Amino acid sequence: MADQPADKKFFENLSGAGKAIGVLTSGGDAQGMNAAVRAVVRMGIYVEAKVYFIYEGYQGMVDGGDNIVEVSWESVSSILQVGGTVIGSARCKAFRTREGRLKAACNLIQRGITNLCVIGGDGSLTGANLFREEWSGLLEELAQNGQIEEEAVKKYAYLNIVGMVGSIDNDFCGTDMTIGTDSALHRIIEVVDAIMTTAQSHQRTFVLEVMGRHCGYLALVSALACGSDWVFIPEYPPEEGWEEQMCVKLSENRARKKRLNIIIVAEGAIDCHNKPITSEQVKNLVVQQLGFDTRVTILGHVQRGGTPSAFDRILASRMGVEAVLALLEATPDTPACVVSLSGNQAVRLPLMECVQMTQEVQKAMDERKFCEAVRLRGRSFENNLNTYKLLSHRRPDAEPPKDDLSCSTNFNVAVLNVGAPAAGMNAAVRSAVRVGITEGHNMFAVIDGFEGFARGQIKEIKWGDVGGWTGQGGSLLGTKRTLPAKYLEKIADQMRANNINALMVIGGFEAYESCLQLAEARARFEEFCIPVCVLPATISNNVPGTDFSIGADTSLNAIVETCDRIKQSASGTKRRVFIIETMGGYCGYLANMGALAAGADAAYIFEEKFDIRELQANVEHLTEKMKTSIQRGLVLRNENSNENYTTDFIYQLYSEEGKGVFDCRKNVLGHMQQGGAPSPFDRNFGTKISAKAVQWISKKLRETYRKGKVFANTDDSVCLLGMRRRNLVFQPVVELKDQADFEHRIPKEQWWLKLRPLMKILAKYKTSYDVSDSGRLEHVARHSPKEVETGAI
C-alpha cells in the first residue's frame with residue numbers, strides 16, 4: 001500500500017502526459033456525480049494528464065473564461081459524500097446551435113482539451129457525440145475566422161468523448177444501473193418505511209408518486225422493496241378494468257387484517273390507451289369505491305437529494321477510472337463510448353447504440369408495444385417486472401397452480417436461516433413463501449436454523465404471515481450458526497415426519513457448509529435425497545460461488561455513513577487520523593469496499609499481507625498529507641486482517657509515529673454493521689434470487705418425482721444460487737469445494753480484489769492497475785425472453 005515505483009508497463013501503455021481532459025456534468029443532477037468527477041480528476045492526474053473542470057455543463061463550455069479551470073488533487077477533496085454536482089449543471093440552448101458549439105470548440109482548443117468526459121443523460125451524451133462528429137469542421141471554421149492557428153487544427157485534429165450516465169431514473173439502455181439510481185431508491189424507501197408506520201396506526205391507504213416520467217424503474221423496484229399492493233409504471237400499463245381489480249385486491253388485503261395499503265405511481269404512469277394515470281386520480285378512486293382513508297405523498301426532488309449510497313459511490317468511482325482509461329486508449333477511429341454496468345462488470349458500449357435503443361423504448365411505448373418496450377429496457381428491468389408479477393397476485397386457494405406438477409400431491413418446501421443474521425433475509429423468506437404458494441407448494445418455516453429443525457420447530461407458513469417482512473432487519477425466523485452434522489439423525493426424522501420434499505437454506509458460509517454436509521450424508525439418510533438450494537446471505541460476502549451476498553450492501557452503507565460522520569469530525573478538529581475496525585471475519589470485502597466508498601487512505605485486509613514497513617510507509621504518507629489542505633485521515637482494518645497487527649497496535653503505532661503531526665482515534669464498529677433496515681439493493685436482491693430459487697426447486701421436484709415420491713441424489717440437486725460476473729447461476733455445492741478456503745471461511749478467488757488498486761490510486765498511492773478487463777468495446781445486447789429467464793438480475 002505504500003508508495004511504490006509505478007509499474008513501467010502500466011505507464012508506457014497509459015501515460016496521459018501532454019493530454020488534457022475536461023470533465024462536465026450536464027442535465028439533471030444525480031447523487032454520485034461528485035464521486036465520478038473525483039475519480040476522473042484523480043485518475044487523470046495519476047496518469048500525468050491535465051484535468052479541467054468545466055463548470056455549469058455545456059453552458060460553461062460555451063461561455064469559457066473562468067468556467068474552464070485546471071484542477072489539482074486537492075480540488076476534489078471532501079466531495080465524495082456530497083449529493084448533486086459541485087461543478088454545476090445547466091440546460092444550454094446555445095450548445096444546440098452550431099454557433100454555440102463553435103464557441104465551445106474555441107474555448108477547449110485554447111486550453112488544449114481534446115478529451116471530454118461527460119456525465120449526464122441521453123440528451124447530454126447525444127450532444128457530445130454531435131460535437132465530436134462536427135469537431136474537424138468546427139476547427140477549420142475557427143482557423144478561417146482567424147480565431148485559432150492552422151497548426152492547432154492539425155495538433156488537435158480529433159476529439160475523444162466518453163460518457164457516464166448520471167440519472168436517478170435508470171432510463172438509459174445498455175447499463176443495469178445509472179449513477180444516482182440506488183441513492184434515489186434509498187430516499188424513496190426511507191419515506192415508504194416512515195409512511196408505513198403512520199399508515200398502520202390509522203389503517204390508511206397511501207398513494208406515493210415517485211419520479212420516472214419515461215421510465216418506471218424507481219416505482220417498480222420500490223414496489224418490490226416495500227411489498228406494495230399495486231404499482232403503476234409507463235412500461236406495464238394495467239389492463240382494462242384495472243380500477244375494479246385494484247379495489248378488490250385492496251379490500252381483500254384489508255379483510256385479512258392488513259392495516260395499511262401502499263400504492264406506488266410513477267409520474268409517467270399511463271393506461272393501455274396511453275392516457276395518464278395520476279396519483280390524485282388513484283386516490284379519488286380508492287375513496288369513492290372503498291371509502292378508505294387515503295393520502296397522497298409526492299416525493300418530488302427529495303429523490304434527487306441527500307448523500308450518495310455506498311453502491312453509487314463505488315459505481316461512480318469505477319466508472320470514472322474506466323472513463324479515463326477509455327479516453328487514453330482512444331484513437332481517431334474509436335467511436336464515442338459510454339461506460340456501463342453489466343452485472344458487476346464495467347463495460348464500454350458505443351454511445352449512439354445506447355442512445356438509439358433508449359429512443360426505441362419511447363417509440364415502442366408511443367406505439368403501445370409495451371412488451372417490446374420492456375424487452376428493450378434490458379434484463380435487469382424485465383427480471384424485476386417478472387418478479388413483481390409473481391409476488392403481487394395471490395392465487396386463490398381453490399385454483400390449481402398454472403404449471404401442472406403431474407401429481408395429486410402438494411409438495412412441502414421448508415425454508416430456514418443459518419449463520420449470523422443479515423439484512424434482507426426476511427425479504428428472501430417472504431419471496432420464497434409467496435412464490436412457493438403461487439407454484440402450488442405448502443411452505444414450512446423452520447425456526448432457529450438446524451438446531452430448531454432437530455427439535456421439530458417447524459410450522460406451516462401462509463401468504464399473510466409474511467406481510468411487511470421486506471423492510472424488517474435481522475432474521476424473523478431466528479438463526480443459529482450450528483451446522484447439521486451432529487443432528488443429522490434427528491433432522492432426518494423431522495423431514496420424514498413433516499414429509500419435507502425440498503429445502504431452501506438462506507445464510508452465509510455456514511449455510512453453504514450445512515448443505516455440503518447434507519449432500520454428503522445422502523448415502524446414510526435417504527431423507528436428504530431432495531432438491532436443496534442455498535441463498536448466500538451474510539454481511540461478510542464470503543460465500544464461494546457468488547460475487548454478492550444478501551446483507552453486504554446494508555452493512556457497507558452502515559460503515560460508510562459512520563465514516564462520513566467521522567470524517568466530518570476529523571475535518572473540524574484538523575490533523576486527526578481515525579482507525580476504524582470493520583467486521584467480516586477473514587474476508588476483507590467490507591474493509592476494502594468501505595474504504596473505496598468512504599475515500600479512506602488505507603485498508604488493511606487478510607487477503608493482502610502487510611508488514612511493519614508498510615505500516616510505517618502509510619504513516620509517512622499521512623504525514624505528507626497533513627502538509628496539504630486535506631488535514632485528516634481515515635484508515636480501515638478488517639477484524640482478522642492480522643493476528644499481531646491488531647487495531648490497538650496500529651492505533652498505538654500511528655499515535656507514536658504521528659506525534660507532533662497528527663493525533664489518532666480508533667473506533668470498533670461492531671454489531672451495528674449487522675443491524676438496521678435492509679437497503680433497497682438487499683431487499684430487491686433477496687426478493688429476486690429467492691423467487692428464482694423457488695422456481696428452480698419446482699423444476700427439480702417435477703424432474704425427481706417418481707411413483708409418488710421425490711428422490712434426488714445427483715450433485716446438481718444441491719445447488720447454491722449466486723451472481724457470477726453478469727449472470728445468476730446455480731452451482732452444485734460439491735463443485736464449489738475446490739473454490740473455498742474452509743480454514744478461513746472465504747472463497748479462494750474474490751473479484752473485488754481487482755478493485756483494490758483503484759482504492760489506492762484514489763488515495764494517491766503509486767500502484768499498478770489491472771487493465772486486462774478494460775479496452776474492449778462491446779455492442780449493446782438485445783436479450784431474448786429465454787436469456788432473461790436464465791440470465792442476470
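The largest cavity holds about 450 Å³ of space. Keep in mind that this is a predicted model, in which local features need pLDDT of at least 70 and side-chain atom pairs count only at pLDDT 80 or more, while totals for chains, interfaces and linings use all residues. Residues are numbered from 1 along each chain as its sequence is written, and side-chain values use heavy atoms, with hydrogens and water left out.

Back to that cavity. Rolling a probe the size of a water molecule over the atoms shows where empty space is left. Here a cavity is a set of points, on a 1 Å grid over the protein atoms alone, where a 1.4 Å probe fits but cannot get out; lining residues have an atom within 4 Å of a point. Grid points are joined across faces, edges and corners, and the volume is the space filled by probe spheres set on the points. Counted this way, there is one cavity of 30 Å³ or more. The largest cavity is lined by 31 residues, and F311, L341, G343, F548 and F681 are the closest to its centre. Two or more lining residues come from each of α7 (181–202), α8 (217–226), α11 (310–329), α19 (552–573), α20 (589–598) and α23 (680–704). Helices here are DSSP runs of H or I with at least four residues, strands are runs of E with at least two, and both are numbered from the N terminus. The largest share of the lining, five residues, belongs to α23. By type, the lining splits into 21 nonpolar (Ala, Val, Leu, Ile, Met, Phe, Trp, Tyr, Cys and Pro), five charged (Asp, Glu, Lys and Arg) and five polar residues (the others, Gly among them).

Strand β10 (residues 337–342) runs antiparallel to β11, with six bridges joining them; two strands count as paired if DSSP finds at least two bridges between them. Along the way, S340 stands opposite V347 in β11. In β11 (residues 345–350), six of six residues are buried, meaning under 20% relative accessible area, with exposed over 50% and partly exposed in between (1.4 Å probe, protein chains only). Q345, V347 and L349 point one way, and A346, R348 and P350 point the other.

Elsewhere, four strands make an open, parallel sheet in the order β19-β20-β18-β21. Its edge strands, β19 (602–604) and β21 (663–668), each pair on one side only. Inside the sheet, β18 (residues 576–582) and β20 (residues 632–638) pair over seven bridges, and R576 stands opposite R632 in β20.

What about disulfides? A search of the whole structure finds zero, taking a disulfide as a pair of cysteine sulfur atoms within 2.5 Å. C354 is buried, at 0% relative accessible area. C533 is also in no disulfide, the nearest cysteine sulfur being that of C719, 7.0 Å away.

Most residues other than glycine have a negative phi. E48, in the loop between α2 (33–46) and β2 (50–54), has a positive phi near 70° and is partly exposed at 46% relative accessible area. D448, in the loop between β13 (442–446) and α16 (449–454), has a positive phi near 60° and is partly exposed at 21%.

How values were computed
1 Å grid on protein atoms, 1.4 Å probe; cavity = no way out; pocket = protein on both sides within 12 Å on 5 of 7 lines; lining within 4 Å.
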